[in-house]
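Dear colleague,

Here is the structure that I promised to pass on to you. Please look through it first; my notes follow below.

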Amino acid sequence: MKIITKNGLFEYQAVNPKDLSNRKNKNHFFFKRTIWIDDAHLGEMLAWIIANKVGFEACDVELYKKQFLFNSKFDRGILSYVEKSENDNFINPYFLIKNYLKSINSNSKFERGIYDIDTILNSIFQECLKNNRPYQEFLDIKQDLINMIVFDFKFLNTDRTIDNWMLRRDTKTGVIDLYPMFDNEGVLGFDINLEKGQTFSREQIENFNRERRIAVISPSDVGKDENKVKYEEILRYLLKMYPEQTKNALEAVSKFRVSDLEQALDEIEDISEERKKLALGLFIARSRDINRIYEEKTKNEHARLKQI
C-alpha cells in the first residue's frame, strides 16, 4: 500500500506489522481510515492540535491519502503513531482491571462496557505496587488519566473505550506511564456524518451537547444503562473525590479558547463550513456547562475558569 503524507510518498505494508523494518522509524502505528465516518481522520488531527495546545500527551498524527493499487483513486485517513522503544511493553486495561477485580473478589466479572474511575485507579495502583514502582509514579499516571478523562468531557469525545487507552512499561527501567492519547476522533462532533449544507439550530446543538456520553463513569453509575450516565455527574464526582487532579486538568483545557479552535479548524484541510459551525457551537455549549459545574463545586466566584 502507498501512503501519501506531508512528508511525501512512502510504502507501508500493513497495520502494526510484526517486522519492525516495515515501521516508519520503528513506531507503533494506529490507522484511522474513513470507511464509516467521513471526517473521523480530521477529528483525530484536531484532537492532536488541541492536546498539544493544552499540554496533554497524544500520539503524533499525519493526514494521509491511500492510493489504490489498480486505479488512481485515493482514500483519505490519518496515521497515528508514537515513538516505540524496543523496551516498551503495553499493558492492556481490560486485563489490568479484570485481574484487579479478581484479586478482591474471585467471583467478579468484568465486561467490556462502561467502567468506573475508582476501579481504574485501584487497578493501576495495584500494578505499580506489584512492580515496586515509586508512589510518585502512580500519582503521575493518576494525573494523566484524569487529564484524559477531562479532555474527553471538555471536547465531547465519547470513544474512550477500554481499547482506546493503555499503560506502557519500560522493561529496562521498569517505569510505568500512561500511553499518549489515541483514538480521539470523536471530538466536537467529528464522529457523525454531515450532509452537505446541513445546519443545526441552537436547540439541536444543546441537545447534542447534553446527550454525549463517556465510557469512564463514577462507581454509583455502575450497572446503569449507558445512555443514562450523564457526564455532568461524573465530573462532579471527580471534583469531589479527586479535586486537585481534576482542577489541574480543567485549568489546562481552559487554555484552549474559541479563537484557538477557529484557527485550528482553518488550518486543517477539507473541513467543511458546516463542520466548523457544529464544532464551534458544541465547544461553546460544553465550555459554558463545565464552567458552571466548576463554580458549583468550588463555591468561589474567583475560581471561575478563564474561558472564551
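Helices (H or I, at least four residues) and strands (E, at least two) are taken as DSSP runs and numbered from the N terminus. Please bear in mind that this is a predicted model, in which local features need pLDDT of at least 70 and side-chain atom pairs count only at pLDDT 80 or more, while totals for chains, interfaces and linings use all residues. Residues are numbered from 1 along each chain as its sequence is written, and side-chain values use heavy atoms, with hydrogens and water left out.

I begin with the charged pairs. The structure holds 15 salt bridges, a salt bridge being a side-chain nitrogen of Lys or Arg within 4 Å of a carboxyl oxygen of Asp or Glu. One of them joins the side chains of Asp39 and Arg275, at 3.0 Å from N to O. Because Asp39 lies in the loop between β3 (27-33) and α1 (40-54) and Arg275 in helix α9 (residues 273-298), this pair ties together parts that are 236 residues apart in sequence. Both Asp39 and Arg275 are buried, where buried means under 20% relative accessible area, exposed over 50%, and partly exposed in between (1.4 Å probe, protein chains only).

Helix α9 also contains Lys276 and Glu273, which are three residues apart, or about one turn of the helix, and form a salt bridge with their closest N and O atoms 3.4 Å apart. Lys276 is buried, at 13% relative accessible area, whereas Glu273 is partly exposed, at 48%. In helix α3 (residues 117-130), Lys130 and Glu127 are likewise separated by about one helical turn, and their side chains meet in a salt bridge of 3.3 Å, N to O. Here Lys130 counts as exposed, at 59% relative accessibility, and Glu127 as buried, at 9%. Beyond these pairs, a network of salt bridges links Glu206, Glu233, Arg236, Arg288, Asp289, Arg292 and Glu296.

Turning to the nonpolar side chains, the largest nonpolar core has 76 residues, and Leu46 is among those with the most contacts inside it; such a core is a set of buried Ala, Val, Leu, Ile, Met, Phe, Trp, Tyr and Cys residues joined through side-chain atoms within 4.5 Å. Helix α4 gives the most to this core, with 10 residues, and α4 itself spans residues 135-155, with Tyr135 lying in it. Leaving aside neighbours within four places in sequence, Leu46 is in contact (heavy atoms within 4.5 Å) with residues including Val187, Phe190, Leu261 and Ile268.

With best wishes
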